[in-house]
Amino acid sequence: MRDYGNVSPRFWIGATGKELRGHPEAQVLALYLMTSPHSNMIGVFHCPVLYMAHETGMTMEGASKALARLIEAGFCYYEEASDTVFVLRMAAHQVGESLKAEDKRIKGLQKYYENIQSPSIRARFLAIYSDAYSLHDVDAKAS
């Protein structure tokens, strides 16, 4: 569990916040996913819907519907087979939009990336962040 994370007040007035207006359970779940004790700085973590429901006080049906709304809004991706969440812009908000190739935080990002078990989520993460975080050859280096 991480001790620190950023949640911008712009969440409420940005594109995602506006998209989620009128869907209070989706808003709660979005905030939960950004601040969850299971989350990390890259936004890819194991979090079954059961955890989401229990830790937010929602029913399973409510959490499932809220998650579907977040996916529809482009806030996150969820892989049911592995119970893995990918909050798509979380790394950008927690780490920064981009890092210079010599930035020491890249090693930490690589470790988190290498721990992603799902090939499809690994590919999605790399497609979004490879240029921003100089992760071009990370899979080749891990082999």
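The answer below treats the sheet and then the salt bridges.

A: This is a predicted model, in which local features need pLDDT of at least 70 and side-chain atom pairs count only at pLDDT 80 or more, while totals for chains, interfaces and linings use all residues. Residues are numbered from 1 along each chain as its sequence is written, and side-chain values use heavy atoms, with hydrogens and water left out.

The sheet is open and consists of three strands in the order S1-S3-S2, with antiparallel pairing. Strands S1 (44-46) and S2 stand at its edges; each has a single partner strand, so one side of each is left without a neighbour in the sheet. Neighbouring strands of this sheet are turned by 20 degrees against each other on average, direction ignored; such axes are lines fitted to C-alpha atoms, for helices over the stretch in contact, and angles run from 0 to 180 degrees between N-to-C directions. Strands (E, at least two residues) and helices (H or I, at least four) are DSSP runs numbered from the N terminus, and two strands pair if DSSP finds at least two bridges between them. In general, strands of a sheet pair through backbone hydrogen bonds, either parallel or antiparallel.

Strand S2 covers residues 76-79 and includes Tyr-77. Four bridges join S2 to strand S3 (residues 84-87), and the two run antiparallel. Within S3, Phe-86 is the bridge partner of Tyr-77. S2 and S3 form a hairpin with four residues between them, and Asp-83 in the turn has a positive phi of about 55 degrees.

The side chains of S2 point in two directions: Cys-76 and Tyr-78 one way, Tyr-77 and Glu-79 the other, and all are buried. Here buried means under 20% relative accessible area, exposed means over 50%, and partly exposed lies in between (1.4 Å probe, protein chains only). Leaving aside neighbours within four places in sequence, Tyr-77 is in contact (heavy atoms within 4.5 Å) with Thr-84, Val-85, Phe-86, Leu-88, Ser-120, Ile-121 and Arg-124. The C-alpha atoms of Tyr-77 and Leu-67, 10 residues apart along the chain, are separated by 8.9 Å.

The structure holds five salt bridges, each defined as a side-chain nitrogen of Lys or Arg within 4 Å of a carboxyl oxygen of Asp or Glu. In general, side chains of opposite charge can pair when their charged atoms come close. One of the salt bridges joins Lys-65 and Glu-61, at 3.0 Å from N to O. Both residues lie in helix H4 (residues 60-72), four residues apart, about one turn of the helix, and both Lys-65 and Glu-61 are exposed.

Arg-69 is also located in helix H4 and forms a salt bridge with Glu-72, the closest N and O atoms being 3.0 Å apart. These two residues are three residues apart in H4, which separates them by about one helical turn. Arg-69 is buried, at 12% relative accessibility, whereas Glu-72 is exposed, at 61%. Salt bridges that share partners join Glu-19, Arg-69 and Glu-72 into one network. Leaving aside neighbours within four places in sequence, Arg-69 is in contact with Glu-19, Leu-20, His-23 and Ala-26.

Another salt bridge is formed by the side chains of Arg-89 and Glu-97, at 2.6 Å from N to O. Arg-89 is partly exposed, with a relative accessible area of 38%.
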